[in-house]
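This briefing presents selected local features of one protein structure. Please keep the sequence and the three-dimensional view at hand while reading.

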Amino acid sequence: MVNMIIAEKIIFSIIAFYLFIIMFFKMIKKNNTIYIVVLLMQAIGIAVNFIEIIFSLNINIFIKILIYLISIIIPLAIIIMEMKGKSLEEKLKLLIIKIALKCNNTKYAKKVLIELISKYPKSYNAHKLLAEVYEKEGGMRKAIDEYVIAVDLNKKDYDSYYKISFLLNELDKKEDAKVMLQNLLSKKPEYLKATILLGDICCDLEQYKEALNVYSNGLRYSPNDYDLLYNMGIVYTMLNDFQNAKMCYEEAAIINSLLYKAYYNIAQINLFSNDLDEAEQYFTRTLEDKELEADAYYNLGKIYMLRGDYENAVKFVNLAIQLDNNYIKIATNETMFIPILSKFNIPIIDEEDIEKKEISLTPKEQKAKEHLENTYNVVDMLNMAKTRVARKEKQKDEQEKDLGGREK
């Protein structure tokens, strides 16, 4: 048993010393002092092992494991890593950079990254980290350049591919971003963020049929994603396909019960479709969203006006005005409210003092909202025109009957 322990210690010493020599020559050949740390660790492990042999000591098992780790396992791992073309210096500096970034020391991290890239121009991780630093600083063009190099070094880095597209879109280079996203989705069609961004860009370019195809393809891979369904609802809205728009909004709202924007759009469709009961139901749900609360109250006022319930119409319009001063002008210009105009609680405010409501809707959401409101106005005008025509025809018929009666 004793002989086995001695043999184990001798074998350890030979292997550890051999690895020490290799690391020493690596340091000289590469002229890199970063190996000194490894050599010091090895030296400590070898020294402890010799002391154990000379003085016949029984070292604690945890110390024994530590000695093996610093004298054999770590040096061996470094040798294997470098045989695969990876650099110890690169790995250690990347670790230091990540620590610096976690400590929000961006300036130091950027300095070390630039130095590292100048020495290792094909370091994928360094280019990607530098791109993230530039992006954080607001240097979008420099970030794009670094992300492009990262993608060239790692063709499967789909996240960097997406980042390039995102930043191009931020720089208003929508067509370039669109091409990038189409290429990305041809390689990774299930990439949900890329699908949504490409659909958004198509909407911004008013290419709604193309956007519909993008979202539809995305649903093949994410059938229960409420964002895709909601966005499809917006696209169908802009294409005046209100039946499909309503279906998409309803499906999105089933998945995400807090999607009040979908409730509001459903209510708007019901309103100009003259389904007042359902419109009221959805506008009432929308009241839970502080951003859409004033809009919902105002439309509830319209519903009660159409029903001839002037008391509730006044109540809801006044609530809308109370929440959003912009509804002072809107309500007073709405012809349907003429019979109850005198009952509105309109404070005396200069037009310049009317607060502009902060809107967090995306451009495509705002377009869809305005489109639904405009559609309601058009339908309302058509209904009024039809009413006037019907009234005139009725008057004409009555005049003819009256004239015929006189002739008799």
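Over the face of which residue does lysine 163 lie? The residue is phenylalanine 166, and lysine 163 is placed at 5.9 Å from the ring centre. The model is predicted, and the points below are grouped by topic.

**Charges over rings**

- Lysine 163 over phenylalanine 166 is one example of a charge placed over a ring.
- Another example involves arginine 307, whose charged end sits over the ring of tyrosine 304, 5.4 Å from the centre of that ring.

**Aromatic pairs and a cluster**

- The structure contains 12 aromatic pairs.
- Among them is the pair of phenylalanine 242 and phenylalanine 272, with 4.9 Å from centre to centre and 70 degrees between the planes.
- This arrangement counts as edge-to-face, because the angle between the planes is over 60 degrees.
- Phenylalanine 242 belongs to helix 13 and phenylalanine 272 to helix 14 (residues 260-272), so their pairing ties together parts that lie 30 residues apart in sequence.
- Both phenylalanine 242 and phenylalanine 272 are buried.
- One aromatic cluster is formed by Tyr298, Tyr327, Phe337 and Phe344.

**Positive phi angles in loops**

- Most residues other than glycine have a negative phi.
- Glutamate 206 is not a glycine, yet its phi is positive, at about 60 degrees.
- Glutamate 206 is found in the loop between helix 10 (192-204) and helix 11 (208-221).
- With a relative accessibility of 53%, glutamate 206 counts as exposed, because the cut-off for that class is over 50%.
- Asparagine 240, also a residue other than glycine, has a positive phi near 65 degrees.
- The loop that holds asparagine 240 lies between helix 12 (226-238) and helix 13 (242-255).
- Asparagine 240 has a relative accessible area of 46% and is therefore partly exposed.

**A nonpolar surface patch**

- Phe50, Ile51, Ile53, Ile54, Phe55 and Leu57 make up a nonpolar patch on the surface.
- Together, the residues of this patch have about 580 Å² of accessible area.
- One of these residues, leucine 57, is located in the loop between helix 2 (35-54) and helix 3 (61-83).
- Leucine 57 counts as partly exposed because its relative accessibility is 40%.

Definitions and conventions. Residues numbered from 1 in each chain as written. Predicted model: local features only at pLDDT ≥ 70, side-chain atom pairs only at ≥ 80, totals over all residues. Heavy atoms only, no water. Helix = DSSP H or I, 4+ residues; strand = E, 2+ residues; numbered from the N terminus. Buried < 20%, exposed > 50% of the residue type's maximum accessible area, 1.4 Å probe, protein only. Phe/Tyr/Trp six-rings, centres within 6.5 Å; stacked < 30°, edge-to-face > 60°. Lys NZ or Arg CZ within 6 Å of the ring centre and 35° of its normal. Patch = residues over 30% accessible without salt bridge, like charges linked within 9 Å, V, L, I, M, F, W, Y side chains within 5 Å. Areas by Shrake-Rupley, 256 points an atom, 1.4 Å probe, with all protein chains shown as cover. Salt bridge = Lys/Arg side-chain N within 4 Å of Asp/Glu carboxyl O.
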